[in-house]
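Please keep the sequence and the structure in view while reading.

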Amino acid sequence: MKVTMKEMAQKRSIDRTAQVVIAKGLKEGVETAWERLEAQQPQCGYGQLGLCCTNCNMGPCRIDPFGEEPQKGVCGATADTIVARNLVRMLATGAAAHSDHGREVLEVLYETAKGRTQGYQITDVEKLKNLATEYDVSDQDKSDEALAEELALKILEEYGTVKNNLQFVQRAPEKRQTLWKSIGILPRSVDREIVETMHRVHMGVDQDYINILTHGLRTALSDGWGGSMMATEASDILFGTPKPFASTVNLAVLKEDMVNIVLHGHNPVLSEMVVKAASEDDAIQKAKAAGAGGINLAGMCCTGNELLMRRGIPIAGNMLCQELAIITGAVEAMVVDYQCIFPAVVDVANCYHTTVISTAAKARFPGATHMEFQPENAMDNARAIVAKAIENFPKRDRNRVCIPDGPAKWMAGFSVEALLDALGGTVNPLIEAIKSKQIRGVAGIVGCNNPRVQHDSAHVNIMERLIANNVLVVGTGCAMIAAGKAGLMVPEAAEKAGDGLRAVCQSLGVPPVLHMGSCVDCSRILVLVAALAKTLGVDMSDLPVVGSAPEWYSEKAVSIGSYFVASGVPVHLGLPPRILGSNAVTTLLTQGLQDVVGATFFVEIDPVKAADKIIAIIDEKRKALGI
Ligand code: BF8
């Protein structure tokens with residue numbers, strides 16, 4: 001039976017607007033991630049099991065999982081060693097990505113305090129002062145700038161500190177900190193744990209899978225309670241701590257008569273300046289002179305989340321929408337910094353008039369127009385980027401434009417501070433709602449899209465089942481964009497929630513799925529969970545709280561999942577990590593860690609079964625707490 005393009009599009013995504021554009025791409029013969037995934041079949045079986053070792057030049061070695069005698073690599077590494085090393089290597093890359101992003105925001109904060117940047121300012125003075133107190137930096141007789149300079153330097157030093165502990169770790173309940181110390185996974189500095197991971201995976205260093213994975217947890221903690229938390233806090237000081245905003249989401253946020261600029265990537269230091277530049281009169285006049293009605297900015301992935309959380313800028317889509325945005329034929333420029341940007345966006349852009357503008361010195365895309373972004377000339381750089389996009393508008397082929405109808409409404413901006421505001425200043429009302437069973441528990445749904453899963457379907461199915469069963473969903477990243485597109489992030493979505501959760505949402509005027517930001521903002525979830533535990537006088541592992549990454553693809557997700565588990569929060573994965581080639585590693589991560597950190601990973605591909613398992617864990621935790 002012949003499958004129509006519409007059917008194929010429906011099979012690939014549940015996002016109605018994505019389906020329209022996927023069908024357009026198929027008709028126009030534009031290759032996307034789905035075609036490339038198909039072309040990769042069958043994917044390497046050794047790789048999928050984690051059994052291929054490319055760490056040294058005696059290899060590559062691969063271990064036959066069905067071999068009669070246990071096989072070894074040329075150096076003698078076993079399947080357990082190879083699988084564990086491969087996994088922590090992924091984890092370290094993810095932790096490095098988050099933490100390096102954090103370092104860049106802190107550098108901009110530092111340079112801004114010194115008066116050496118263009119267009120930035122200290123926006124959240126209250127947060128600056130609170131953090132200064134946390135870091136024991138006195139604000140007496142100091143200007144905001146002097147305080148920010150001292151604080152930024154003190155936090156930056158923690159990337160390589162020799163004092164052997166990270167300040168933000170103290171935000172965790174004492175019991176948890178004591179546990180981390182006792183098992184030797186208290187993170188000592190941000191860079192050190194990542195560097196040590198890379199040392200350990202070199203041939204002839206750490207061969208013991210338990211030792212390797214234990215250090216993996218330490219490295220992940222240096223991300224969650226280190227680099228990512230620093231990124232979140234420094235971004236809040238510079239650009240403001242998020243407050244609830246109403247906005248719109250999906251590919252329909254692109255506008256036919258406007259210069260469309262898609263801001264894609266992760267770090268807000270660039271995109272915030274583009275927002276400023278695009279709102280200047282001069283830019284708007286130039287856009288009008290080019291024949292457009294004005295300039296329309298749309299976010300993509302976590303840059304989108306950063307701008308949504310603080311400015312209410314609409315989002316065009318999550319990870320699998322990046323090529324689709326270009327295929328609408330209506331995007332003048334896709335401005336990228338780093339992380340989660342397909343190299344293929346350049347090829348897709350070549351099929352249209354779109355210019356891909358790369359901006360980061362550390363992330364060049366062959367074929368893209370590189371306009372390097374420097375904080376000291378940030379506004380000039382941003383203005384030039386906007387001008388480049390405007391130049392492109394007359395080149396648009398109107399006959400090839402197809403923007404789907406109907407942007408979805410959503411509400412975002414739930415920083416911990418905003419949540420506390422809504423709750424009257426403390427987490428007590430949330431705890432009371434949990435105790436009284438109005439809220440059964442809390443699920444943190446995070447992470448990516450992956451073309452191996454029908455786009456957004458696992459996210460949305462899990463979330464719908466959880467809220468129907470009175471589980472409050474909080475989350476970050478592409479998962480939240482999926483929820484927004486599916487209509488789960490408006491206060492009216494409380495209708496889909498169970499009686500208890502519905503009543504809580506209605507009394508607070510909030511949706512049953514709360515958007516807490518970009519992926520580095522998973523640190524906000526840690527802070528929230530820690531606050532719940534501290535108020536209740538228990539450890540984080542005692543709470544009816546579960547994490548989930550239903551459609552994960554990224555190395556950053558490996559780090560996020562690991563720091564949640566190390567923090568005592570059980571984590572569901574919708575796709576198995578590449579560990580199944582070692583029974584020992586699989587057993588440790590899915591069972592053994594329970595006795596070590598009080599949480600494990602579990603894999604469940606079916607979203608309904610996954611939601612039911614999450615609910616079962618929540619119920620067990622409630623029982624143990626006697627609530
Ligand atoms: O850091 S959720 S696809 S965009 S990795 Fe990437 Fe995954 Fe999206 Fe944000 Ni996070």
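## Domains and their contact

The C-alpha centres of domain 1 and domain 4 are separated by 28 Å. In their contact, domain 1 takes part with 13 residues and domain 4 with 10 residues. The structure is a predicted model, and its domain assignment divides the chain into domain 1 (5-48), domain 2 (79-239), domain 3 (251-400) and domain 4 (414-625).

The size of an interface is often expressed as the accessible area that is lost when the parts come together. For domain 1 and domain 4, the area buried between them is about 870 Å², and 60% of it lies on carbon and sulfur atoms.

Which residues form the salt bridge between the side chains of a lysine and an aspartate? They are Lys485 and Asp15, with a distance of 2.9 Å from N to O. Across the interface of domain 1 and domain 4, one salt bridge is found. Five residue pairs are in polar contact between domain 1 and domain 4, counted where both residues have pLDDT 80 or more. On the side of domain 1 that touches domain 4, the elements giving two or more residues are α1 (5-12), α3 (33-39) and α4 (45-49). The residues of that side comprise five nonpolar, five polar and three charged.

## The surroundings of the ligand

The ligand is surrounded by His266, Cys301, Cys302, Met319, Cys340, Gly447, Cys448, Cys478, Cys519, Tyr553, Ser554 and Lys556. By class, this shell around the ligand divides into eight nonpolar residues, three polar and one charged. Which domains each supply at least three residues to the shell around the ligand? Domain 3 (251-400) and domain 4 (414-625) each do so.

Two side chains of the shell have an N or O atom at a stated distance from an oxygen atom of the ligand, His266 and Lys556. The table lists these distances.

| Side chain | Distance from its N or O atom to an oxygen atom of the ligand |
|---|---|
| His266 | 2.7 Å |
| Lys556 | 2.9 Å |

## Backbone features

Most residues other than glycine have a negative phi, and most peptide bonds are trans. Several places in this chain depart from these patterns, as the following values show.

The peptide bond from Gln41 to Pro42 is cis, with omega near -10 degrees. Pro42 is situated in the loop between α3 and α4. A cis peptide bond also runs from Gly59 to Pro60, where omega is near 5 degrees. The loop that holds Pro60 lies between β1 (52-53) and β2 (61-62).

Is the phi of Asn250 positive or negative? The phi of Asn250 is positive, near 115 degrees, in a residue other than glycine. Asn250 belongs to the loop between β3 (245-249) and β4 (259-264).

Definitions and conventions. Residues numbered from 1 in each chain as written. Predicted model: local features only at pLDDT ≥ 70, side-chain atom pairs only at ≥ 80, totals over all residues. Heavy atoms only, no water. Domains from an automatic or database assignment. Contact = heavy atoms within 4.5 Å. Buried area = accessible area lost by both parts, 1.4 Å probe. Salt bridge = Lys/Arg side-chain N within 4 Å of Asp/Glu carboxyl O. Polar contact = N/O pair within 3.5 Å; in protein donor to acceptor, adjacent residues only side chain to side chain. Helix = DSSP H or I, 4+ residues; strand = E, 2+ residues; numbered from the N terminus. Nonpolar A, V, L, I, M, F, W, Y, C, P; charged D, E, K, R; others polar. Near = heavy atom within 4 Å.
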